[in-house]
Amino acid sequence: MTVAFFSGSRRRAAVALGAVSAGLLVLTACDKPTPIATVTVGSESINSEAACYNDGDPIKESDVQKCLNKKAEKSITVAMDDKVRFGVDPEIADNGWTIFLGGQQAEPEPYKKTYRTIPASAFFSSQQTGETTDETQVTIVENTGKTLTGIWHFKLKKES
């Protein structure tokens, strides 16, 4: 029976490569996930980590508009008579959170509870023109009233 052995220098190189790989794996596992926001309609739910988050510290003023303009990656279909339920992690609720529609703040004061329900019909008519739309981007913004600390995007699609 023949067994292939690495030479001394190859064995040391393989051990070093293994150690580096293990170190990188450990470092990537240390990334702290962002808090989660969830949208539920009926029995369907979608959730997302933040599109922009700075570990609870304020998002840089220069990045806020860019973050608000990002497109939602997750979507859910709703009927006009559905209730849309929003849920956020307790650490988001502790700071307060606001709903933005199409990048514009839709309510004046931050909400301080982890859960709320809003009729779907509120999301599909334009404030300016009164026309209805077939989809809208809803953004949950964690804020203290003065600074934004997290941004989560979702798309609501009107059932046809």
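Thr136 is buried, with a relative accessible area of 13%; here buried means under 20% relative accessible area, exposed over 50%, and partly exposed in between, for a 1.4 Å probe and protein chains only. The residue is found in strand β9. Helices (H or I, at least four residues) and strands (E, at least two) are DSSP runs, numbered from the N terminus. Leaving out residues up to four places away in sequence, Thr136 touches Phe123, Phe124, Phe154, Lys155 and Leu156, where contact means heavy atoms within 4.5 Å.

The structure is a predicted model, in which local features need pLDDT of at least 70, side-chain atom pairs count only at pLDDT 80 or more, and totals for chains, interfaces and linings use all residues. Residues are numbered from 1 along each chain as its sequence is written, and side-chain values use heavy atoms, with hydrogens and water left out.

## Overall architecture

The protein has 3 helices and 10 strands. From the N terminus on, these elements run α-β-β-β-α-β-β-α-β-β-β-β-β. Of the 160 residues of the protein, 32% count as buried. Among contacts between residues at least 6 apart in sequence, 64% join residues at least 24 apart.

## The nonpolar cores

A nonpolar core is a set of buried Ala, Val, Leu, Ile, Met, Phe, Trp, Tyr and Cys residues joined through side-chain atoms within 4.5 Å. The largest nonpolar core has 23 residues, and Val84, Phe86, Phe123 and Leu156 have the most contacts inside it. At least two residues of this core come from each of β1 (36-41), β4 (75-78), β5 (83-88), α3 (90-95), β6, β9 (135-143) and β10 (148-158). Apart from this core lies another, of 9 residues, among them Cys52, Cys67, Val141 and Leu148.

Phe123 also illustrates how parts of the chain meet. Leaving aside its neighbours within four places in sequence, Phe123 is in contact with Val84, Phe86, Ile99, Leu101, Ile118, Thr133, Thr136, Val138 and Leu156.

## The disulfide

The structure holds 1 disulfide, a term for a pair of cysteine sulfur atoms within 2.5 Å. Cys52 and Cys67 form this bond, with their sulfur atoms 2.0 Å apart. The torsion about the S-S bond of Cys52 and Cys67 is about -95°, so the disulfide is left-handed. The pair links distant parts of the chain, as Cys52 is in strand β3 (residues 52-53) and Cys67 in helix α2, 15 residues apart. Both Cys52 and Cys67 are buried.

## The loop between β3 and α2

Ile59 is found in the loop between β3 and α2 and is buried, with a relative accessible area of 9%. Apart from residues up to four places away in sequence, Ile59 touches Cys52, Val64, Cys67, Leu148, Thr149, Gly150 and Ile151. The C-alpha atoms of Ile59 and Leu148 are separated by 5.9 Å, although the two residues are 89 residues apart along the chain.

Asp55 also has its place in the loop between β3 and α2. At 57% relative accessibility, Asp55 counts as exposed. Most residues other than glycine have a negative phi. Asp55, however, has a positive phi of about 50° although it is not a glycine.

Phe100 lies in strand β6 and is buried, with a relative accessible area of 6%. Not counting residues up to four places away in sequence, Phe100 touches Leu68, Gln105, Ala106, Gln137, Val138, Thr139 and Val141. Phe100 and Leu68 are 32 residues apart in sequence and 8.7 Å apart in space, C-alpha to C-alpha.

Pro119 lies in strand β8 (residues 115-119). Pro119 is partly exposed, with a relative accessible area of 37%. Its C-alpha atom is separated by 7.8 Å from that of Met80, 39 residues apart along the chain.

## The second largest pocket

On a 1 Å grid over the protein atoms alone, a pocket is an open set of points where a 1.4 Å probe fits, with protein on both sides within 12 Å along at least five of seven lines; lining residues have an atom within 4 Å of a point. The second largest pocket has a volume of about 220 Å³, a volume being the space filled by probe spheres set on the points, which are joined across faces, edges and corners.

This pocket is lined by 15 residues, of which Asn143, Gly145, Lys146, Thr147 and Leu148 lie nearest its centre. The elements that give two or more residues to the lining are α2 (61-68) and β6 (97-101). The lining residues divide into 7 nonpolar, 5 polar and 3 charged. In this division Ala, Val, Leu, Ile, Met, Phe, Trp, Tyr, Cys and Pro count as nonpolar, Asp, Glu, Lys and Arg as charged, and the others, Gly among them, as polar.
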